[in-house]
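The sequence and structure come first, and the points follow by topic.

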Amino acid sequence: MDEIKKALVEADPFASWWPFLLAGIVFVIGTVRTYMGGQPCPNGNAVPGRVIIVTGAAGGIGREVCRELARRQAGCLILACRSTEQGDALREQLRRDAPDCVCEVRTIDLRSFDSVRRFVRQVQTQHPVVDALVNCAGVIFQPGGRTADGYEQHLQCNHLAHFLLTELLRPQLARSAHGGRIVHVSAHGYTAAKIPDRDDPLNLRQAGQSGRDAFAHSKLAIVLGGRALAGRLAADGSRTTVNCCTPGLVRGTGHLRHSPIMRALFAKVLTFPWMWLFMKSPAQGAHTIVRLVTDPELGRSNGDFFNDCERVEVSELARDDELADRVYRASLQAVGLAAEPDETVRTVREKNE
């Protein structure tokens, strides 16, 4: 023992370069992770008594949004989940973490418009007022054919089903004493989307789209549809607002489970360290959404796009108001809220039948 103490006393940390190299590596890794994690939510505002709906609540970013809103004293969280088992597990966790927050699990399958309508009827029965709607659920690289309603799965799950949900809940949101807030979760990938035919803004005639292209288009449709809705809400003098955001690149959400690259075990092992270093955690991905729901400074923000908790400019295509109006009207027709569907939508329905 004496020899060990003597060696430690006589040790010269400057005699070797490796401690400095190790410290430098740790510093760089920490700096990169902090930077890639994005800006945290700049406020800690509570939202006591408010009724908030979160789709995709059972996992990934949606789960973290619910946990944070429960911590901020939300009065009632409606957990819109595809699986009741996952929803029940989250409800039990939230009961332990925030016993004063009422949590309701409601099933919703975004691949079915009928399921969305059933969900809305359940909400309307018990909650005449809804303070916020967070459309967080989404799919990417989704396998399989079209939905039961006849639409490409990315288009329906990411955009059309949420569009229908939002439109049907507008009366409840309009009754909010705080001003109803609609938060659409898009993605950076919307910038890669293309709409070759402006007369077909939902790309219903575009056969053979890749999963990546379909995902990008669905996220662009979210932004354009939200922009058009924001204009209509403002024109009507409504206190309800709608904003879009991107959570950034987030790991641990399960979204990449259908990716062709991630199917191989070797690819998973190879990419995991880089995902850990360069991608956000689900909790970090939730920060922007939480700010849009809770920050009083954003009460009048309408039709904007947020990234890392800050308002940012969208792409030139996403600023096209005439295209946004086309997307909105085509979406109304696609979900059955327009008086008469146009020829493109009618063709899709006839093929499904």
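**Briefing on the predicted model**

The chain contains 12 helices and eight strands. The model is a predicted one. Of its 353 residues, 48% count as buried. Where contacts join residues at least 6 apart in sequence, 77% of them link residues at least 24 apart.

**Cavities**

- Two cavities of 30 Å³ or more are present in the structure.
- The largest cavity has a volume of about 120 Å³.
- Its lining is formed by 14 residues, and those nearest the centre of the largest cavity are H159, H162, F163, H184 and I222.
- Among the contributors to the lining of the largest cavity, helix 6 gives the most, with six residues.
- By residue class, the lining of the largest cavity comprises five nonpolar residues, eight polar residues and one charged residue.

**Helix 7**

- Helix 7 covers residues 211-235 and has 25 residues.
- From its first C-alpha to its last, helix 7 reaches 36 Å, which is close to the 36 Å expected at 1.5 Å a residue.
- After helix 7 comes G237, a residue with a positive phi, near 75 degrees.

**Cysteines**

- With a disulfide taken as a pair of cysteine sulfur atoms within 2.5 Å, the count for this model comes to zero.
- C81 takes part in no disulfide, and the nearest cysteine sulfur, that of C66, is 7.4 Å away.
- C81 counts as buried because its relative accessibility is 1%, and the cut-off for buried is under 20%.
- C245 is likewise in no disulfide, and the nearest cysteine sulfur, that of C244, lies 7.6 Å away.
- C245 has a relative accessibility of 0% and therefore counts as buried.

Technical notes:
Residues are numbered from 1 along each chain as its sequence is written. This is a predicted model: local features need pLDDT of at least 70, side-chain atom pairs count only at pLDDT 80 or more; totals for chains, interfaces and linings use all residues. Side-chain values use heavy atoms; hydrogens and water are left out. Helices (H or I, at least four residues) and strands (E, at least two) are DSSP runs, numbered from the N terminus. The expected span of a helix is 1.5 Å times one less than its number of residues. Buried means under 20% relative accessible area, exposed over 50%, partly exposed in between (1.4 Å probe, protein chains only). On a 1 Å grid over the protein atoms alone, a cavity is a set of points where a 1.4 Å probe fits but cannot get out, and a pocket is an open set with protein on both sides within 12 Å along at least five of seven lines; lining residues have an atom within 4 Å of a point. Grid points are joined across faces, edges and corners, and a volume is the space filled by probe spheres set on the points. Ala, Val, Leu, Ile, Met, Phe, Trp, Tyr, Cys and Pro count as nonpolar, Asp, Glu, Lys and Arg as charged, and the others, Gly among them, as polar. Contact means heavy atoms within 4.5 Å.
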